[in-house]
Amino acid sequence: MTSNDILEVLSTVLDPDLRKDLVTLKMVDNIRIQDNVIEFDLILTTPACPLRQQLMDTCTNAIKQKFPNAEVHIHTTYRMTQSISNPNLKHIKNLVAIVSGKGGVGKSTIALNLAVGLALSGAKVGLLDADLHGPSIPKILGLEGNMPTVVEKEGREVMLPLEKHGIKVMSIGFLIGEDKPLIWRGPMLTSVLLQLFHDTDWGELDYLIIDTPPGTGDVHLTLIQNFSVTGVVLVSTPQEVALSDVRKAANMFLDEKVKVPIIGIIENMSYFVPTDMPEKKYYIFGKDGAKQLSQKLQIRLLGQIPLFEEVMQSGELGVPAVIDHNNPARSYFFELAQKTAQAIAIRNATMEPTPILRVK
């Protein structure tokens, strides 16, 4: 057995998403052979890859079919893909905006659990609370009353994001009084949002998840006019009143002048599951509304998250459901993180970088 033999075998193994073989995609590296033992590195596009075990099994079976007595050891690592170009944020590989046309659909809960779920898989993740009028991330992450540290770096003062549950977090809620309302006009919102981006020392990040305000307003325009955004994740309940607003949000980003990719849609509160009757499902907001919208718009359905009382409690306690092994929603949020990472990797491999919106 030689390294070329192994490469020849692995050139027959296709990545199920990209439909190209692993050798062409440069996902195989550092092949070592000693006697009948074969070791190599399988380089994934994200640490949250849901196909990890499937790819490893397929590689092992392909090698054993050619060399029955081989002992195969596969080590997985990752090379994070990106399809953005932000000179001022060059250490951040993916900017992902979490968007809902309507408030009250659980967008911040989704953003938090998505960020923590990605971090659980080994990714470097930041969470920016850009819902400037109603910052809720400090509360649901249990960081109320905390303030970021200010340090001098390269001749200017920058803020160090707070860290909890493996993610870096920044919010306007850390900088103002807990009960102080923000009565700001558009230019002030723009200035503050840019400050949160540029004056925060994010370090190296695979993903920066951005929790945006409901609707499509100043914050969203500021975002796409100043940054190359990997894409948008839409959040809605199955209810038509929420779906009508999320359609408007989708149309904004799909507009020919904007051209920000929609990574997918998440249906939150798909159905209610009582704690004392886990076998029951109550479709209190309707059934499959976001699923049907995803089919109509031809965008990916990333997940359908049930409504559990424990999710509300997790927000009150500052413990994300995705890290709580006793929370029935944990597996739903973790699967959501993996599917979102998968969709981002496909987007980066098949689409050009998102252009920054230029306003004439």
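# Rings, sheet and salt bridges

Visitor: What sits over the ring of Y283?
Guide: The charged end of K287 does, 4.9 Å from the ring centre. A charge counts as over a ring if NZ of Lys or CZ of Arg is within 6 Å of the centre and within 35 degrees of the ring normal.

Visitor: And which residue lies over the face of Y271?
Guide: K281, at 4.7 Å from the ring centre. A caution on all of this: the model is predicted, with local features needing pLDDT of at least 70 and side-chain atom pairs counted only at pLDDT 80 or more, while totals for chains, interfaces and linings use all residues. Residues are numbered from 1 along each chain as its sequence is written, and side-chain values use heavy atoms, with hydrogens and water left out.

Visitor: Switching to the sheet. What is the strand order?
Guide: β8-β9-β5-β10-β4-β11-β12-β13, an open sheet of 8 strands with mixed pairing. Strands (E, at least two residues) and helices (H or I, at least four) are DSSP runs numbered from the N terminus, and two strands pair if DSSP finds at least two bridges between them.

Visitor: In what sense do β4 and β10 pair?
Guide: Parallel, over 4 bridges, with β4 covering residues 95–99 and β10 residues 207–211. L95 stands opposite L208 in β10.

Visitor: Which strands does α10 lie across?
Guide: Helix α10 (residues 330–350) lies across β4, β10, β11 (231–236), β12 (262–272) and β13, and runs at about 165° to β13. Contact means heavy atoms within 4.5 Å; axes are lines fitted to C-alpha atoms, for helices over the stretch in contact, with angles from 0 to 180 degrees between N-to-C directions.

Visitor: How many aromatic pairs are there?
Guide: The whole structure has 3. In one of them, the rings of F308 and Y332 have centres 6.0 Å apart and planes at 45°, so the pair is tilted. Rings of Phe, Tyr and Trp (its six-membered ring) pair with centres within 6.5 Å; planes under 30 degrees apart are stacked, over 60 edge-to-face, the rest tilted.

Visitor: What does the F308 and Y332 pair tie together?
Guide: Parts 24 residues apart in sequence, because F308 is in the loop between β13 and α9 (309–317) and Y332 is in helix α10. F308 is buried at 8% relative accessibility, whereas Y332 is partly exposed at 28%. Buried is under 20% relative accessible area, exposed over 50%, partly exposed in between (1.4 Å probe, protein chains only).

Visitor: How many salt bridges?
Guide: The structure holds 11, each a side-chain nitrogen of Lys or Arg within 4 Å of a carboxyl oxygen of Asp or Glu. Among them is D131 with K107, at 3.9 Å, N to O. D131 is in the loop between β5 (125–129) and α4 (137–140), and K107 is in helix α3 (residues 107–120), 24 residues apart.

Visitor: Are D131 and K107 buried or exposed?
Guide: Both D131 and K107 are buried.

Visitor: What does E335 meet in a salt bridge?
Guide: K339, at 3.2 Å, N to O. E335 and K339 are 4 residues apart in helix α10, so about one helical turn separates them. E335 is partly exposed at 41%, and K339 is partly exposed at 33%.

Visitor: Which residues are linked in a network of salt bridges?
Guide: R32, E39 and D41.
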